[in-house]
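Hi there,

Here is the structure I promised to pass on to you. Have a look at it first, and then read my notes below.

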Amino acid sequence: MSAPDLLLVLVVAVPAAVGAVLVLAGPSRWSAAAGGATLAAAATASVPAVVAGAEVSVPFVAGSRWGLTTSGPAEVLLPTVLVVATLVLVVAGGVPETREPRFTGLMLLFTAAAALTVLATSLPGLLVGWELMGAASYALIGYRYADPGRVASGATAFLTTRAADLGLYLATAAALAGGTDLSLDALAGIEGGWRDVAAGGVLVAALGKAAQLPFSFWLARAMDGPSPVSALLHSAAMVALGGYLLVRLSPLLEATGWAAPTAAWLGAATAVVLGAVALTQTDLKLLLAASTSAQLGFVVLAAGVGATAAGTAHLVAHAAVKALLFLAAGAWLEALGSKRLDVLTGAARRWPALGVLAVAALLALAGLPPLSLWGTKDAVLAAAHAESAALYAAALVATALAAGYAVLALVHLARPVPARPAEQTGRVPRRIPVALAPLALGAVLLGVLALPAVLERLPGRVPADPTWPELVGSSVLVLAVAGATAWLVGRGREAPAPLRPLRAWLHDWLRLETAVHLTVVRPTVRLAEAAARVDDRVLARAVTGAAGATARLAGVSARADDRVLARAVTGVGTAGLASAHGSDRADAGTHRAVHGVAGALVRGGRAVRRSSASGQLHHYYLQQVALLLLVLVVVSLVVLVGSLR
């Protein structure tokens, strides 16, 4: 194994091992530093592995291999995951709760699982990373396990994504049935209907993880987790990797003829609808969560139209923007005790160092030129325009909504500082702006990834470059919407009365969770309760009754055995023994009789020889007749005794 290949293995194995140790360790003041150092080392080691194009594999199940590779989108996403996770842990170390060894250990395990997902070359490796990532996210969202509400939120997120994950198992089964070696590159080559089954399974699993419609509601519940969890989960790990999976398997989607357009339209619909949801939020973390679904919609759209290079660029730029914003929101939450936008009014001015960084990220999220998401988003829009005018129009609407929700948050945060109650006088640790500076730099500069010369060097395809009219048109649209939103929010304008029910529906995340409870959860619980009643009242009683009847039947059988069969067998045995003894005695009597007869015959023979020698023939003939009669008698007796046996 070469040095780059060994580094590739270590960037997954070392964080996983250190994370497992920290989860089991007791309180330690060094755990956060150890976790950050581990991830920093892994991020550093990932660079030579990526540059050298490292790839390793070992035999796994029959006909399949377990492999890791830095080729494809992993070339860019592996360093992104590790760098963002490192910065998130540095910020988490500034808060007592999130510097505990258990939290640091779980974050390391989560990051290792995300890295494994990015690097996997086959379905078995992908499934392991996918499942570990989901389990770690459940533990992290419900990290404050003493609070039943937060644990329930973790369960909602876990079960929702878990239900969608079944699609990945379906895809694996289809790959097996299609005769592949389970490698990801072989999925597009499956012949016949199994390819459609595999594409459908992958699509469902990815939409679930990426919080796309109709699975998006779990992301709102995930906001109950600590802010560093939200920062990593939304930026470079689980949610982002749902989009990554579709980018990675874009050839499979295209090969079916239906999965790619489906993905494109679902991505565009999510970008529009969840953008509208974000626009109605009054909680900063929920606004950012809805915007994550909307921004990942652009990535799913890119995968659907084959613009995989633009999708990868958008994932990287969004990771920097969203990690920064969630960590800033967490810092203000610690300082002010609330996530509500009205309470956070003026937060950017109160802590100017952090405020400048957050404003830069919000402007990038709005899509203002020339910041990062402006360029990467327009690269996706160009591909959508080449595919369908209707798809392009939907993406433009999503672009306008992005400008709206980003400026909505920006206006609240950048307003003059109001007078605050005494209890709202917290502080923001100095390390947070320092740690977030690289992310802000990425939020500002990563738009270079969308430059044609750079974009064509990224892994993936570039079906179309944005034209100048498209760039100017989308920029004018963004600026117009941003200006209008700032004006409306600045004057405190409310939605018109006829639109208020719609606004309430959007504010409640389309009430998708309620709908799922009504259509899936409650019927399932009712069915489970009915099955439990059948089990308790019918099956359990039947089994208990059958067991009692069997015990009673066994008792009766035992008594019959003891009192009848055993005695009968004993009697038959005794009779048999007596018969044997009698037979033995009869045999002895027969033996003696035979010997007596033989002796008499010997003696009779001798008498016959004497009478024959004397010349008296009448005595001789009498003796012959007597002898003949005697023989007849003996033979008759022998036959009679033999027939009696």
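This is a predicted model: local features need pLDDT of at least 70, side-chain atom pairs count only at pLDDT 80 or more; totals for chains, interfaces and linings use all residues.

I began with the largest pocket, which holds about 790 Å³ of space. Its lining has 26 residues, and those nearest the centre are Leu279, Leu408, Arg493, Ala495 and Arg503. Four helices each give at least two residues to this lining: α12 (259-279), α18 (389-414), α21 (468-490) and α22 (500-507). By class, the lining comprises 15 nonpolar, seven polar and four charged residues.

The second largest pocket has a volume of about 390 Å³. It is lined by 14 residues, with Leu159, Thr160, Val516, Val520 and Val521 closest to its centre. Both α6 (148-177) and α23 (512-614) supply at least two lining residues, and the largest share, seven residues, comes from α23. Here the classes are nine nonpolar, four polar and one charged.

Now back to α12 and α18, two of the helices that line the largest pocket. Their axes come within 8 Å and cross at roughly 25 degrees. An angle under 35 degrees counts as roughly parallel, so α12 is roughly parallel to α18. The crossing is left-handed. On the α12 side the contact includes Ala264, Trp265, Gly275 and Leu279, and on the α18 side Ala390, Leu401, Gly404 and Leu408 are among the residues involved. In total, this contact has 16 nonpolar, two polar and no charged residues.

Enjoy exploring it!

Best wishes

Key: Residues are numbered from 1 along each chain as its sequence is written. Side-chain values use heavy atoms; hydrogens and water are left out. On a 1 Å grid over the protein atoms alone, a cavity is a set of points where a 1.4 Å probe fits but cannot get out, and a pocket is an open set with protein on both sides within 12 Å along at least five of seven lines; lining residues have an atom within 4 Å of a point. Grid points are joined across faces, edges and corners, and a volume is the space filled by probe spheres set on the points. Ala, Val, Leu, Ile, Met, Phe, Trp, Tyr, Cys and Pro count as nonpolar, Asp, Glu, Lys and Arg as charged, and the others, Gly among them, as polar. Axes are lines fitted to C-alpha atoms, for helices over the stretch in contact, and angles run from 0 to 180 degrees between N-to-C directions. Angles under 35 degrees count as roughly parallel, over 145 as roughly antiparallel, 65 to 115 as roughly perpendicular and the rest as oblique. A crossing is left-handed if the near helix is turned anticlockwise from the far one by less than a right angle, and right-handed if clockwise. Contact means heavy atoms within 4.5 Å.
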